[in-house]
Amino acid sequence: MSGICPDCGKTWEDARRSGRLGCPGCWDAFRQELSEVVMGIHGADRQPDEEDLQNQVRERRRRLLEDELRQALSQEDYGKASQIRDQLRTGEVL
Ligand SMILES: [Zn+2]
């Protein structure tokens with residue numbers, strides 16, 4: 001899935017790659033994607049401590065990236081795939 005912000009033209013890819021949103025409108029445009037990144041931590045039964053929380057967020061972002069990597073590969077988009085691999089390797093996820 002790839003949303004695009006109608007206000008600033010930023011794509012979800014751009015936002016995630018750079019780690020920042022382009023404008024307030026991005027919050028609306030990428031609501032679904034953002035909630036997918038954040039939601040999992042709200043579903044926990046117990047109250048996770050700070051470190052748990054960070055690990056969960058990191059893990060979740062990593063899985064999203066891995067999904068994207070698989071998708072890029074299946075579409076034979078090797079340029080994108082290598083970018084994602086770089087992100088995974090450096091740990092720069094969002
Ligand atoms: Zn925007």
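I began with Cys5, which is buried at a relative accessible area of 2%. The model I am reading is a predicted one.

**Zinc site**

I looked up Cys5 again as a ligand: together with Cys8, Cys23 and Cys26 it gives the zinc ion its protein donors, each through SG, lying 2.3 Å from the ion. I then checked the exposure of Cys8 and found it partly exposed, with a relative accessible area of 37%. Cys8 is placed in that class because 37% lies between the limits of 20% and 50%.

I noted the spacing of the zinc donor residues along the sequence as C-x2-C-x14-C-x2-C. The angles among the 4 donor atoms run from 101 to 120°, and I recorded the site as tetrahedral.

**Salt bridges**

I followed up several of them.

In helix 1 (residues 12-18), I located Glu13 and Arg16, which are 3 residues apart, about one turn of the helix. They form a salt bridge whose closest N and O atoms are 3.9 Å apart. I found both residues buried.

I next examined Asp28 and Arg31, whose side chains meet in a salt bridge at 2.6 Å, N to O. Both of these residues are exposed.

In helix 4 (residues 50-74), I turned to Asp67 and Arg70, again 3 residues apart, about one turn of the helix. Salt bridges with shared partners also join Glu68 with Glu13, Arg16 and Arg17 in one network. The side chains of Asp67 and Arg70 meet in a salt bridge at 2.7 Å, N to O. I recorded Asp67 as partly exposed, at 42% relative accessible area, and Arg70 as exposed, at 53% relative accessibility.

Note on methods. Residues are numbered from 1 along each chain as its sequence is written. This is a predicted model: local features need pLDDT of at least 70, side-chain atom pairs count only at pLDDT 80 or more; totals for chains, interfaces and linings use all residues. Side-chain values use heavy atoms; hydrogens and water are left out. Donors are N, O and S atoms within 2.8 Å of the metal (3.2 Å for Na, K and Ca); water is not among the atoms, so sites may look incomplete. Four donors count as tetrahedral if all angles lie between 85 and 135 degrees; four count as square planar and six as octahedral if opposite donors are over 155 degrees apart and all others between 65 and 115; anything else is irregular. Buried means under 20% relative accessible area, exposed over 50%, partly exposed in between (1.4 Å probe, protein chains only). A salt bridge is a side-chain nitrogen of Lys or Arg within 4 Å of a carboxyl oxygen of Asp or Glu. Helices (H or I, at least four residues) and strands (E, at least two) are DSSP runs, numbered from the N terminus.
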